[in-house]
Amino acid sequence: MRRLWVLLLLLLCLPLLVNAQTPQATPPPPAAPHSAAFPKPSEETLPNGLRVIVIERRESPLVAAQLLIKNGGEVDPPELAGLADMTASLLTKGTQTRDATKIAEEIESLGGSLESGARWDSSFATVDVMSSKIPQATEILADVVRHPTFKSEEVERLRQQSLDNLTLMMGEPGSIASFVAARVVFGESPYGHPLLGTTESLTRITAADIAKLHGRYYRPDNAILVLGGDIAAKDGLALATKYFGDWQKPSQPLPSVSAALKDTSPKTGRIIVVDKPDAGQAAVYLARTGINRRDPDYFRGLVANSVLSGYSGRLNQEIRIKRGLSYGAGSILETRRDVGPFVAQAQTKNESGAQVADLLLGEIGRLSSAPPAEAELTPRKAVLIGTFSRNLETVNGLVGQVGSLALHGLSLDEINRYINNVQAVSTADVQKFAGARLDAKTSNIIIVGNAKLFLPELQKKYPNVEVIPVSELDLNTATLRKKQPGQ
Amino acid sequence: MVRTSVRLLLSVVLLTTLQLAGIAQTRMPQLTFTDRTLPNGLRVLSAPDHSSPTVAIQVWYHVGSKDDPPNRSGFAHLFEHIMFKSTKNMKSEMMDRLTEDVGGFNNAFTADDVTVYFEVIPSNYLETLIWAEADRLSGLNVDDANFKSERDVVKEEYRQSVLAPPYGMFAYLLQAKSFVEHPYKRPTIGSIQDLDAASLQDVQEFHSTYYRPDNATLVVVGDFDPKQLDAWVDKYFGPIAKPDRPLPRVQIKEPARQKETRFTEHGSNDLPAVGFTYLTPRQADPDSAALRIVDAILSAGESSRLYHALVYTQQLAAEADADAETREDASLFVLTAILSEGKKPEDAEKSLLTEIKRLQDTPVSAAELEKAKNQLITEQLRQRETSNGKALALGEAAVLLGDPARVNTDLARLQAVTAADVQRVTKKYFDDKNLMVLYYLPQTQKQAQEKGGQGR
């Protein structure tokens, strides 16, 4: 059989050789680059404090409108994790004049979509429609943000959906690892809980809690409206005034919020294994604190992370390309209003869990031990710039990017300075940033998988591994363990 | 994740090419393109668009997982990964150097019928990438170490897409159980066993069999000068000879289903799932347009029938979906529900059947039909915001529908769908004899049943 294959191969190779006639053995060099400019946003603040931003981009007949509230999951009371997300999700489930079915029916009849939810530091409601439909869509957007009713039957329905969703996520090693990583890095601080809540906290949330959060944070002087796409600035502003202009600002001051780590900062350098015997693959996470969005080191951080992450970044080079240990490895420096997380991760077969943990720690450490070569850094910067530019090609990308700058109180013109800011980062900056802000020794490792296949090897190197059976995992507390009877 | 999206549930990853003007006041931009074929058979479709200084390049090879060699399920997809390794003139990962390193990106995907390689790059690199695509069409030069390590990557992809997610295996089985004869019964990702059996010899053979200019379509959309593009294509692709051997094509026909079939399988999921498939005609069939509308009526958005009935009103399901999964030779219409905590699969099955019957018994209203068409137009507009999206639409029309002009004319087909068409296709295809039902239950339920059985 084998011989036959060889014979076949020889025959079939012939045309292959004939085919090999590409006339040139080295790639032709690039021509001179063409230049790009991003659209300039216009903005105005309405008398009620609502900040309105419009970005014109007329190529496709599409408009996206995003209403941002400047608070999200970080304002969840500790025992009510998931409250901000439930509040935002329920906006589209009924107003004083429309029930959930009518809202969906109306927006979808326009061919559009309406979405709402909470993130860290913000909540959002977004409509996305053909430009001819934007007036009707903006009216619906204003209605759901300003007049939601939070009916108890809708609260119950969403509660059950969120619980089911949580059950689905707890079946995946990757999502369990990301929940555990947040608790390990942030402990009992506001960014520590799952954004969508836990089984226990979701069960406690009442319609009254939801209405209270809405009353406190959903107000025009705590909101930003971004319209982008096939719409003139003056038309966007007119729509904003028409549908949001009479939104009353409450007389009481806005509550002040901090998600900063508390004095009792969580302990670092932990190695945690969540044993899930039926896991088809192990999720390996390295997690630690990163930086906040307004940090002066923001661009140094972005560039440092890009050396590690992306297809040809060091993590994927070492873990996927050189060793075939994963379908993909990468990292995220997630910047928030307060210090956010840095996470490096890969999924791998259970047997190689310990090896991948070692590789993650090794690569993070290597970044601070020597500066990258200029020849390595230049392409990584190109990746950042290219990704950023492509993201701005779609109306949704443009609105999202501008909304994020506005949320953090940064100059909207930063989209036109992005390229220069990235280019200004030096190889020495990368090493310095990694040493000061991404120290491997104070990073934590979390592995979720079938522990018996990687634990012995992991323990050889790290005797202090904490092992938590998935059945005993408790995401409500920084200890991560359910209380044992009698304790 | 990067490089390769194997579609398990959907036959083709391509965003749907449905388009529809519908509303008079919305301008639906027509995609103006040039279509030419080189003497060696390479088809070249191109459309200039100078809105950003980038260009999208795609090479569509008319070979997919249905062409996997015997006992080599997953091979077309593994091969796709190997196409990023060394060629005569390029070292491994050089494609990344030519794209990612200059601010562009590359990727590829394998579906049942096609394998597509694509790059988006700053437009001044266009000639470089035309050279590179021609080079890897000319031949590969991969060593065993590279081959084995990439095969390990694909095995991790299998674990990540099939084994780790709680419903990965459900999607896999849904396709596998839906076809009896046609090679579509082997999902694109294949099996670990067959991947382990694949060799470097298979790679060379597959390349020379299917990677030939007359089996390829080059699509270029974005910031370029048409004359210059033509000259570069002639220079780099022109000399590649067309082999005189015939191209093998899958001849197996999937027989019509004669009776309902059902399967029960168990997995690591906590919530049970139910899946239905009906066998439907090939993608180019005129009924595809009406089935696409049925898909939107059943599953597009929260006002869709399945969401409204199963998720919202009855609270039976955490998720409910429908999909007109088109393929070149034979298609599937798929309905799925992941149940809510404590709900029975039998009840979800009943509700799905009720929705099917409603479509068959009562014509959809004009408003509901119009809504579905509006949703499809907007989806189309979103796809075509980027050069890469436009190129995908062109490639799909040319390779899977056999006519690139369908990138524009399918609009009329969708517009023409009536309420009577919707009723007709649901009666014609959603027949009990044409139904496959799959229950995907938690392993724990099986163990509980077995324990119970032994104890008594």
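Predicted model: local features only at pLDDT ≥ 70, side-chain atom pairs only at ≥ 80, totals over all residues.
**Confidence**

The predictor assigns the complex an ipTM of 0.88 and a pTM of 0.91. Chain A has a mean pLDDT of 92, and 94% of its residues reach 70 or more. For chain B the average is 91, with 92% of the residues scoring at least 70.

**The nonpolar core**

The largest nonpolar core comprises 274 residues, and L225(A), I446(A) and L394(B) have the most contacts inside it. Helix α6 (residues 173-186) of chain A contributes the most to this core, namely nine residues. Beyond its neighbours within four places in sequence, I446(A) contacts A177(A), V180(A), A181(A), V184(A), I272(A), Y285(A) and A287(A).

Strand β8 (residues 282-289) of chain A contains L286(A). L286(A) counts as buried because 25 other C-beta atoms lie within 10 Å. Residues up to four places away in sequence aside, its contacts are V343(A), A344(A), L360(A), L361(A), I364(A), S443(A) and I445(A). By contrast, G245(A) is 41 residues from L286(A) in sequence but 47 Å from it in space, C-alpha to C-alpha.

**Two helices with a buried face**

In helix α3 (residues 100-109) of chain A, the buried residues are A100(A), I103(A), A104(A), I107(A) and E108(A). These residues lie on the same side of α3(A) because they cover an arc of only 110° around the axis. Their cover includes β4 (113-118), β5 (123-130), α4 (134-146) and α5 (152-169) of chain A, together with α12 (366-383) of chain B. G111(A), which follows α3(A), has a positive phi near 80°.

Helix α16 (residues 427-437) of chain A has V430(A), F433(A), A434(A) and R437(A) buried. Viewed down the axis of α16(A), the buried residues fall within an arc of 100°, and therefore line one face of the helix. A428(A) and A436(A), on the other side of α16(A), are exposed. The buried residues of α16(A) pack against α10 (298-308), α12 (353-369) and α13 (374-391) of chain A.

A residue is buried if 20 or more other C-beta atoms lie within 10 Å of its own.

**Contact between the chains**

The contact between the chains involves 81 residues of chain B and 79 residues of chain A. On the side of chain B that touches chain A, the elements giving two or more residues are α2 (94-98), β5 (115-122), α3 (126-138), α4 (144-163), α7 (200-210), α8 (226-236) and α12 of chain B. The largest share of this side, nine residues, comes from α4(B). By class, this side has 28 nonpolar, 29 polar and 24 charged residues.

**Contact between the domains of chain B**

Chain B is divided into domain 1 (34-236) and domain 2 (261-455). The C-alpha centres of these two domains lie 28 Å apart. Their contact takes 31 residues from domain 1 of chain B and 29 residues from domain 2 of chain B. On the side of domain 1 that touches domain 2, the elements giving two or more residues are β2 (43-48), β3 (54-61), β5, α5 (168-176) and β6 (216-222) of chain B. Strand β3(B) gives the largest share of this side, five residues. By class, this side of domain 1 has 18 nonpolar, seven polar and six charged residues.

Definitions and conventions:
Residues numbered from 1 in each chain as written. Chains lettered and ligands numbered in written order. pLDDT = per-residue confidence, 0-100. Core = buried A, V, L, I, M, F, W, Y, C linked by C-beta atoms within 7 Å. Buried ≥ 20, exposed ≤ 12 C-beta atoms within 10 Å, placed from the backbone. Helix = DSSP H or I, 4+ residues; strand = E, 2+ residues; numbered from the N terminus. Contact = placed C-beta atoms within 7 Å. Arc of directions from axis to C-beta. Nonpolar A, V, L, I, M, F, W, Y, C, P; charged D, E, K, R; others polar. Domains from an automatic or database assignment.
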